[in-house]
Amino acid sequence: MPVITYREALRQALGEEMERDPDVYVMGEEVAQYQGTFRVTEGLLKRFGPERVIDTPISEEGFTAVAVGSAMRGLKPVIEFMTINFSIRALDQIVNHAAKTLYMSGGQFGCPMVIRAPNGKGEQLAAQHSHALESWFMHMPGLKVVLPSTPADARGLLKSAIRDPNPVVFLEHAALYTLKGEVPEDEGLVPIGEAKVTREGRHVTLVSYSRMAHMCLKAAETLAEDGIEAEVLDLRSLLPMDEERLYASVAKTHRAVVVTEASRTASATTDIAAKIYSLAYDELDAPVEMVSGPDVPLPYARNLERLWAPDEAAIVEAARRTLWRSPGAGAGAGGGRVIHAGTGDAENGRRNGGGYHPPVAQERR
């Protein structure tokens with residue numbers, strides 16, 4: 001399979017879908033002449049012309065309204081916001097029109113459109129340009145919310161989003177645009193609403209999506225050095241969410257850590273954790289841990305930005321908490337790494353005054 005970047009995979013999906021379906025067009029600020037803020041639409045204007053690759057004025061509400069109207073008439077617009085922060089200017093069109101058209105028309109006509117944008121922490125883009133707004137869109141019935149983490153998923157999910165009869169909010173991450181990965185030469189469609197286990201494990205499930213899915217894989221490698229086998233579940237879609245695979249993974253490991261790049265309160269983090277409790281409460285041997293950004297605006301200063309963002313160390317610490325790990329013998333005067341409580345003990349019980357006893361959930365099972 002060819003190896004291409006995340007950015008190239010998105011561009012490939014757009015080009016292939018525009019060739020396949022003449023009703024598909026791209027619209028947004030600087031998507032044509034400038035070829036996209038992050039160069040995703042590079043070459044599309046030359047290839048498809050100004051009627052299908054359209055530069056707009058700086059008016060998010062205006063061009064989103066045009067896209068909604070054209071979708072209601074049968075076209076399939078793919079609009080690009082420079083970053084998801086600018087979608088705030090167009091929320092009325094997204095929430096009150098795109099999301100509700102099918103319902104309010106009694107099923108007579110829908111709104112097949114895709115809203116593309118980088119979402120989450122940028123590199124020193126400061127508080128106004130570093131929002132992670134996935135939970136806002138998750139709250140709106142009628143929308144679908146997709147967050148790919150790899151080039152293959154970016155291409156496959158974008159193609160599926162363009163073909164979907166519903167409005168899809170397609171959230172990318174600026175830090176992933178240069179990420180390289182294998183992409184199938186065939187259509188490579190990825191179904192919306194289908195999660196993927198990217199690393200098998202049996203001791204704890206790390207649940208995430210987008211950039212944090214890669215951070216979870218790094219954390220799993222670190223945990224493996226201590227004999228902790230972490231399973232990594234990349235949700236890929238938040239609405240709809242793959243509850244079946246979420247349950248299956250947690251039921252297998254009996255522990256879960258939810259990792260997102262967003263502030264904690266009323267976020268995707270808390271929603272996923274609530275789903276785990278609802279779906280798999282009797283399978284849990286420890287409370288669900290949550291790793292997220294703090295409830296403060298994201299700072300501009302690079303050192304503070306790094307402190308704000310969830311990292312590998314925070315995920316590793318949370319995973320160890322779910323296993324009730326505590327330092328034990330092994331780091332004596334002669335040196336050597338600290339030995340933690342054995343994996344078998346952690347699987348079979350929880351710490352209680354220094355002793356391990358079967359957890360309540362295990363007794364229920």
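Helices here are DSSP runs of H or I with at least four residues, and they are numbered from the N terminus. By that rule, S210 lies in helix α8. The model on the screen is predicted.

Why look at S210? Its phi is near 55 degrees, a positive value in a residue other than glycine. Most residues other than glycine have a negative phi, and most peptide bonds are trans. S210 counts as buried, because its relative accessibility is 6% and the cut-off for buried is under 20%.

S210 also takes part in the lining of the largest cavity, together with N119, G120, A132, E134, L147, H173, Y209, R211, M212 and E261. That cavity holds about 60 Å³ of space. Which helix gives the most to the lining of the largest cavity? Helix α8, residues 210-224, with 3 residues. Sorted by class, the lining has 4 nonpolar, 4 polar and 3 charged residues.

The count of cavities of 30 Å³ or more comes to 3.

Now the pockets. The largest pocket contains about 270 Å³ of space. How many residues line the largest pocket? There are 19, and H131, A132, L133, A262 and S263 lie nearest its centre. Helix α6, residues 134-138, and strand β13, residues 256-263, each supply at least two residues of this lining. The classes are 11 nonpolar, 6 polar and 2 charged.

Back to the backbone. R236 is not a glycine, yet it has a positive phi of about 65 degrees. You will find R236 in the loop between β11, residues 230-234, and β12. R236 is counted as buried because its relative accessibility is 5%. Further along, the peptide bond from L239 to P240 is cis, with omega near 0 degrees. P240 sits in the loop between β12, residues 237-239, and α9, residues 243-253.

Another loop residue is A286, between α10, residues 268-280, and β14, residues 289-293. Is A286 buried or exposed? It is buried, with a relative accessible area of 7%. Setting aside neighbours within four places in sequence, A286 is in contact with H254, R255, T322 and W324. Take R255: A286 is 31 residues from it in sequence, but their C-alpha atoms are 6.0 Å apart in space.

Last, a pair of helices. Two packed helices are described by the angle between their axes and the distance between the axes. Helix α3, residues 60-72, packs with helix α4, residues 91-98, at an angle of about 25 degrees, and the axes are 8 Å apart. So α3 is roughly parallel to α4, since angles under 35 degrees count as roughly parallel. On the α3 side, the contact is made by E61, T64, A65 and V68, and on the α4 side by D92, Q93, I94, H97 and A98. These residues divide into 4 nonpolar, 3 polar and 2 charged.

That is the end of the tour.

Conventions:
Residues are numbered from 1 along each chain as its sequence is written. This is a predicted model: local features need pLDDT of at least 70, side-chain atom pairs count only at pLDDT 80 or more; totals for chains, interfaces and linings use all residues. Side-chain values use heavy atoms; hydrogens and water are left out. Axes are lines fitted to C-alpha atoms, for helices over the stretch in contact, and angles run from 0 to 180 degrees between N-to-C directions. Angles under 35 degrees count as roughly parallel, over 145 as roughly antiparallel, 65 to 115 as roughly perpendicular and the rest as oblique. Contact means heavy atoms within 4.5 Å. Ala, Val, Leu, Ile, Met, Phe, Trp, Tyr, Cys and Pro count as nonpolar, Asp, Glu, Lys and Arg as charged, and the others, Gly among them, as polar. On a 1 Å grid over the protein atoms alone, a cavity is a set of points where a 1.4 Å probe fits but cannot get out, and a pocket is an open set with protein on both sides within 12 Å along at least five of seven lines; lining residues have an atom within 4 Å of a point. Grid points are joined across faces, edges and corners, and a volume is the space filled by probe spheres set on the points. Buried means under 20% relative accessible area, exposed over 50%, partly exposed in between (1.4 Å probe, protein chains only).
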